[in-house]
Amino acid sequence: MNPNASGGKSMELTGSTTEDVKAVLVSVLGIEDRAATIDAGTPLLGSLPELDSMAVLELVAALEQRFGVTIDDDDVTAEVFETLGSLTELVTDKLH
């Protein structure tokens, strides 16, 4: 039996981790009007004025809840929040 089959945590995911991380990012920051322009290479920290220190904390909490992972304080670095792709990579690592 596959422990990751639907008997586990129920998460409504699109099938693309990048798109799911993007959806959380857009929701937390309230930037729905710019969602179409955000992709894996989009710079985050320092480029999105909405992504301040409080928003980083909110984003981490939202990602933990959405994906059922734990993101340690040591994982919250400028490098991780550099682009959507680097943030997605952290989430993907935590899922495995």
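## Helices α1 and α3

Helices α1 and α3 are roughly perpendicular to each other, because angles of 65 to 115 degrees count as roughly perpendicular, those under 35 as roughly parallel, those over 145 as roughly antiparallel and the rest as oblique. Their axes cross at roughly 110° and come within 9 Å, with α1 spanning residues 17-29. Axes here are lines fitted to C-alpha atoms, for helices over the stretch in contact, and angles run from 0 to 180 degrees between N-to-C directions.

On the α1 side, T17, T18, V21, K22 and L25 meet L84, L87, T88, V91 and T92 of α3; contact means heavy atoms within 4.5 Å. By class, these residues are five nonpolar, four polar and one charged. Ala, Val, Leu, Ile, Met, Phe, Trp, Tyr, Cys and Pro count as nonpolar, Asp, Glu, Lys and Arg as charged, and the others, Gly among them, as polar.

## The model and the chain

This is a predicted model, in which local features need pLDDT of at least 70 and side-chain atom pairs count only at pLDDT 80 or more, while totals for chains, interfaces and linings use all residues. Residues are numbered from 1 along each chain as its sequence is written, and side-chain values use heavy atoms, with hydrogens and water left out.

The chain has three helices and zero strands, in the order α-α-α from the N terminus. Helices (H or I, at least four residues) and strands (E, at least two) are DSSP runs, numbered from the N terminus. Of the 96 residues, 34% count as buried; buried means under 20% relative accessible area, exposed over 50% and partly exposed in between, with a 1.4 Å probe and protein chains only. The chain exposes about 6000 Å², of which carbon and sulfur atoms supply 51%. These areas come from the Shrake-Rupley method with a 1.4 Å probe, and for residues only the protein chains shown count as cover. Among contacts in the chain with a separation of 6 or more, 60% are between residues 24 or more positions apart.

## Helices α1 and α2

The axes of α1 and α2 come within 10 Å and cross at roughly 135°, and the two helices are therefore oblique to each other. The crossing is right-handed; a crossing is right-handed if the near helix is turned clockwise from the far one by less than a right angle, and left-handed if anticlockwise.

In α1, the residues T17, D20, V21, A23, V24, L25, V28 and L29 meet A55, E58, L59, A62, L63, R66 and F67 in α2. This contact divides into 11 nonpolar, one polar and three charged residues.

V24 lies in helix α1 and is buried, with a relative accessible area of 7%. Apart from neighbours within four places in sequence, V24 is in contact with L59, A62, L63 and R66. V24 and L63 are 39 residues apart along the chain, and their C-alpha atoms are separated by 6.7 Å.

## Helices α2 and α3

Helix α2 (residues 53-67) and helix α3 (residues 84-95) have axes that come within 11 Å and cross at roughly 40°, which makes α2 oblique to α3. This crossing is right-handed. L59, L63 and F67 of α2 make the contact with L87, V91 and L95 of α3. By class, the contact has six nonpolar, no polar and no charged residues.

D72 sits in the loop between α2 and α3 and is partly exposed, with a relative accessible area of 41%. From D72 to V60 the distance is 9.4 Å, C-alpha to C-alpha, and the two are 12 residues apart in sequence.
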